Amino acid sequence: MNIKITGSGSYIPDTIEKNDAFHQHQFLNTDGSVINHPNEVIIEKFKAITGIAERRYAKPHLNSSDLGFFAAERAIADAKIDPETLDYIIVAHNFGDVKHNTIQSDVLPSLASRIKHSLRIKNPKCVAYDILFGCPGWIEGVIQAQAYIKAGMAKRCLVIGSETLSRVVDKHDRDSMIFSDGAGATIIEATNDEGGILAHETASFTYDEAYFLYFGNSNNQTLDKDTRYIKMDGRKIYEFALTNVPKAMQSCLDASGVDIKDVKKIFIHQANEKMDEAILKRFYRLYRTEIPKHIMPMSIQTLGNSSVATVPTLFDLVKNNKLENHSLNKGDVIIFASVGAGMHINAIVYKY
């Protein structure tokens with residue numbers, strides 16, 4: 001018995017927010033002082049570091065659970081399964097449903113329950129729950145699904161990553177330009193087909209690192225102090241990721257028994273173009289091996305950072321030949337890896 005992704009789907013919102021849209025924003029330092037650079041310079045420097053030229057925002061009437069539902073429908077159709085046969089629906093997110101122009105997170109009922117309801121699944125033995133694991137949430141959901149299947153508790157699971165980060169950003173913070181909305185979903189099930197999950201790795205660093213990402217006040221100190229926004233210490237996260245993500249990927253690959261030269265694609269959480277490139281360099285340096293051409297697909301340039309949705313969405317795009325110079329063939333070995341709030345790191349080595 002092998003455990004494989006038998007179907008995938010994604011939902012990429014239609015609304016495109018280009019960098020030009022931020023020219024009129026009032027960006028402030030964390031102490032509320034004015035940044036002594038014109039917005040054009042701030043945005044140009046931002047693009048040079050992150051690679052982001054545009055991002056996607058959900059339409060006002062749609063929430064994170066809606067995006068997750070759309071991605072789930074597509075994954076179910078791709079796998080050609082009856083949704084009533086699902087044993088688990090696992091939904092990774094960070095902030096629940098945040099309605100447009102509101103400040104309150106809504107997680108009652110859970111997003112998984114909402115998505116199961118929208119899918120019109122009657123089977124009460126299909127268990128639906130959410131996980132809060134930062135940006136690595138979808139990968140961790142896949143690892144949990146595999147554990148249920150290995151333990152004989154399930155045969156088929158739906159794992160979703162969905163988020164609307166555009167609704168929890170501080171518009172006075174330059175980091176607000178990073179975040180976006182989207183959803184990706186996969187069917188994970190037991191199969192006799194060759195391949196599947198070969199190894200996985202997860203770690204939680206909380207001693208000094210727990211609050212590298214957090215909920216904090218706006219940089220505009222005249223605003224309501226009770227309203228909180230997603231905040232991060234970008235420099236610390238960058239250094240943390242460069243030190244720890246390559247090591248986790250190496251540990252996972254070594255456990256799989258696969259040679260580094262046999263890896264065909266590496267799907268890294270789309271947080272920052274320069275950071276991902278640096279992670280890739282350090283990973284291959286651990287094996288004293290040159291980086292192969294077109295090994296790492298990237299979507300951050302046009303889709304931004306949609307947290308839990310970046311990896312499953314990127315995988316779905318490549319699987320369906322929607323990214324230039326990237327495709328997957330049966331038998332290809334790939335790596336999924338992510339880092340995010342917690343601070344959590346995880347990786348999966350997978351044979352397609």
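**Close-up views: salt bridges and a helix pair**

**View 1. At 11% relative accessibility, Asp173 counts as buried (under 20% relative accessible area; exposed is over 50% and partly exposed lies in between, using a 1.4 Å probe and protein chains only).** The model shown here is predicted, so local features need pLDDT of at least 70 and side-chain atom pairs count only at pLDDT 80 or more, while totals for chains, interfaces and linings use all residues. Residues are numbered from 1 along each chain as its sequence is written, and side-chain values use heavy atoms, leaving out hydrogens and water. The partner to look for is Lys231, whose side chain meets that of Asp173 in a salt bridge with an N to O distance of 3.0 Å (a side-chain nitrogen of Lys or Arg within 4 Å of a carboxyl oxygen of Asp or Glu). This pair joins distant parts of the chain, 58 residues apart: Asp173 sits in the loop between β6 and β7, and Lys231 in strand β10 (residues 229–232). Lys231 is buried too, at 5% relative accessibility.

**View 2. Asp78 and Lys319 join their side chains in a salt bridge, 2.5 Å from N to O.** Helices (H or I, at least four residues) and strands (E, at least two) are DSSP runs numbered from the N terminus. Asp78 is partly exposed, with a relative accessible area of 28%, whereas Lys319 is buried at 18%.

**View 3. Glu189 and Arg156 form a salt bridge through their side chains, 2.8 Å from N to O.** Because Glu189 lies in strand β7 (residues 181–191) and Arg156 in strand β6 (residues 156–164), the pair ties together parts that are 33 residues apart in sequence. Glu189 counts as buried, with 11% relative accessibility.

**View 4. Asp97, Asp106 and Arg114 are linked in a network of salt bridges.** For context, a search of the whole structure finds eleven salt bridges.

**View 5. Helix α5 (residues 234–256) packs on helix α6 (residues 273–286) at an angle of about 40°, their axes 9 Å apart.** Axes are lines fitted to C-alpha atoms over the stretch in contact, with angles from 0 to 180 degrees between N-to-C directions. Among the α5 residues in the contact are Ile237, Tyr238, Leu242, Met249 and Leu253; on the α6 side, the residues include Met275, Ile279, Phe283 and Leu286 (contact means heavy atoms within 4.5 Å).
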